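Work through the exercises below with the sequence and the model open. Each task is followed by a solution in steps.

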Amino acid sequence: MRSFEAKERPRFRRAGTDAYIFDPEGAAPFLYNGATEAEAAAALDHIVPEPNAPHQEEIRLGAGFDAVPKSYIRCTEDRMIPPADQERMAARGNAARYDMATGHSPFLSDPRGLSALIHRIAESS
């Protein structure tokens, strides 16, 4: 797969008035880096429209949110969400941060590592 430059992103197009969908052409290096070509191709077959609202509307959380323990798995090789942005999201949520040296989709590129990490997080909670 080709190298990543921070300004690059996969193309997407409108899907109706309130959603978008990634263009499968060229999306694999961003969404599925680290997965095999066969795994990425299979995943691309399942891309569906994503709603715009979660990216546009502020999330309002109740007072109990801070009382709930949270964990964030930062994918350090992610080409969709830069690691610095992931770190910021984890900090904003007051989450314990765990790192995986994977791309955006560790469930494809390292499912055993991901399940072991989730198990370790659950055991420590």
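Buried means under 20% relative accessible area, exposed over 50%, and partly exposed in between (1.4 Å probe, protein chains only). Helices (H or I, at least four residues) and strands (E, at least two) are DSSP runs, numbered from the N terminus. The model is predicted, so local features need pLDDT of at least 70 and side-chain atom pairs count only at pLDDT 80 or more, while totals for chains, interfaces and linings use all residues. Residues are numbered from 1 along each chain as its sequence is written, and side-chain values use heavy atoms, with hydrogens and water left out.

**Exercise 1.** Find which residues of helix α2 are buried.

Solution. Step 1: α2 spans residues 37-44, and A40, A43 and L44 are buried there. Step 2: seen down the axis of α2, these buried residues fall within an arc of 100 degrees (directions from the helix axis to the C-beta atoms), so they line one face of the helix. Step 3: their cover includes α1 (28-31) and α5 (106-109).

**Exercise 2.** Identify the members of the largest nonpolar core that touch the most other members.

Solution. Step 1: a nonpolar core is a set of buried Ala, Val, Leu, Ile, Met, Phe, Trp, Tyr and Cys residues joined through side-chain atoms within 4.5 Å. Step 2: among 14 residues, the answer is F22, A28, L31, Y32, L44, I47 and M80. Step 3: β2 (19-22), α1 and α2 each give two or more residues to this core.

**Exercise 3.** Locate S105 and list its contacts (heavy atoms within 4.5 Å), leaving aside neighbours within four places in sequence.

Solution. Step 1: S105 sits in the loop between β5 (96-100) and α5. Step 2: S105 is buried, at a relative accessible area of 4%. Step 3: S105 contacts L31 and Y32.
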